[in-house]
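I opened a new notebook page today.

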Amino acid sequence: MPPTRRLSSSLRLLLFLLMITVTGLVIVYRPTISDIKSSPYILPSTWQSMPIPIPPGIDELSPKEKALAIKQIHYAAKVETKFRPNPNWGGRDHGREDYKYYSENELRKLAVCMATDTCRQNQTSVIILGHIFNHFHIYEGYMGGEGIWTASLIETLSKWGYTILHARDDWIYMWYLYNQIPDMVKGIIAWRTGQFGTFEEQMKTGRRANGIPAWQFFVYNYFPDHYTSIVGDAWNMHSEFGYSQHQRNFTFIPYVVEPATIPPYIPASQRPNQVYILAKFVRYFYPGAQPAWEDRGIFLRAKEILEKEFPGFEFVVGCRDDRNAGQQEEVPMELPPGIRNLGQMDKVEFERQLANSRVMLGIGWPTLSPSPHVALSLGIPFISPFSMHGWSSLDDPETWASSQHHTLKTLTEPYVYHVLRGNETQFIDAIRKALSTPIEPFILPLMTRDHHEKQVNKWLNTDWKAKAAKILENRKNGKETENGNEIGEFTL
Ligand SMILES: *[C@@H]1O[C@H](CO)[C@@H](O)[C@H](O)[C@H]1NC(C)=O
Ligand SMILES: *[C@@H]1O[C@H](CO)[C@@H](O)[C@H](O)[C@H]1NC(C)=O
Ligand SMILES: *[C@@H]1O[C@H](CO)[C@@H](O)[C@H](O)[C@H]1NC(C)=O
């Protein structure tokens, strides 16, 4: 056979096979193709009768707000059918766009409510959350102090119907959001720097008229001693009150410490003689974390003394080694003898174990943690190590060199036992006294839901622009009223 004829015959065979395959495919897939015809996308009239899910929480709204919310959800649903509800932004290819998608969804809701006259009372007031710890809480479930604070703030703002936008710590995006709706933004909570740009780069100035005005930016830090705002002291926002006899004029918004309901409250007399050590990581017992008692033998020695007086006495902790494998091999760290490890626990399990204890013991780190507040709310006294300068006075906690919990310096026995770091006698005495002096559940008035809501309300309803204008005018005239280290000129 000549080569051309051989080619054409094999081509014919190929074409024949192809035809068979295509016919087969059509037969196999025909039912699916006809299925698509009845899908909501091809027949738009059907989606209009689809039930629209009403989110939980709506029943708690006032009748007026509830009616608006339900109407609005119906309007918004018509828009949302053409937006994917949960796009997958993960992975390296697209970066992490989850916070942008969330915010843009909220902006669409704003547009819908304005166009249809269904905005709730506070909906057109917008708060931008731009602190990385806000983001870690919202998108990664971070529940350290800042995470707990973020949860409290979001709960209150949502209950009141404010619009919350997410911005990671992305200053370029904060500028972008702000610039679309400058008159609706009530405030931005963030730190001055972030992974994407800094506040200074986006700040309103004489030459950058569309920048973010400094008076709308609240510099957040959980701890109460930063003076980081350009405008003034009250633009520094924090979650723990700390301790000071002088009024400091920061914006203090506490997180909420709830009365014990879940898990159920067990009266102290029915709990085992269990001392809960506050330490999430084993390294808190070792140099580097500056433990309050460097001699790790103290726990076993105390246990041997105290178990004679308190049957079944135990030190417990819920901790793990969070260091990498190399570090763990290089410097092995074990829990000091005399302590039982309950292992890593989630929030509910932690509170259940805590509720089954009679004392919470601090060993120096972490400082200003929410946990001692939670302990007190469960009727559990806190042992808080502190240290003194040569010139410190025992009676004046403000003069102390350090304390594991500055806010709780305001409390004394039988709620909080302040014991000198490194002092073994005071260590054992405090545990003994705390075990034999039960307390009722107690929440510092500063940390109650009432006070939290009062503070959020005050923040939302302050005329920050007027306040800033006065400060600025004074500043330009050489009269400084603020104490910050970073204060400077800004544009209103
Ligand atoms: C609107 O916000 C204020 C606080 O600024 C709050 O007191 C009020 O209850 C909120 N309105 C509604 C309907 O929740
Ligand atoms: C706090 O504000 C008040 C009222 O403006 C002022 O009198 C006081 O000096 C301020 N305190 C500090 C520490 O700046
Ligand atoms: C430890 O505390 C006890 C009791 O308060 C006190 O008598 C003792 O001097 C302290 N020891 C040190 C080294 O400070």
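I worked with a predicted model, where local features need pLDDT of at least 70, side-chain atom pairs count only at pLDDT 80 or more, and totals for chains, interfaces and linings use all residues. Residues are numbered from 1 along each chain as its sequence is written, with chains lettered from A and ligands numbered from 1 in the order in which they are written.

**Whole chain.** I found 15 helices and 13 strands. These are DSSP runs, numbered from the N terminus: helices are H or I with at least four residues, strands E with at least two. Of the 492 residues, 32% are buried. Buried takes 20 or more other C-beta atoms within 10 Å of a residue's own, exposed 12 or fewer, with C-beta atoms placed from the backbone.

**Helix α7.** I looked up residues 171-180. Trp-171, Tyr-173, Met-174, Trp-175, Leu-177 and Tyr-178 are buried there. They pack against α4, β1, β2, β3 and α8.

**Helix α13.** Residues 424-436 came next. The 13 residues should span 18 Å at 1.5 Å a residue, and the end C-alpha atoms are 19 Å apart, which agrees. The expected span is 1.5 Å times one less than the number of residues. Which residues of α13 are buried? I noted Phe-427, Ala-430, Ile-431 and Ala-434. Seen down the axis, they fall within an arc of 95°, so they line one face of α13. That arc is taken from the directions from the helix axis to the C-beta atoms. The face turned away carries the exposed Thr-425 and Ser-436. Cover for the buried residues of α13 includes β7, α9, β10, β11 and β13.

Definitions and conventions
Contact = placed C-beta atoms within 7 Å.
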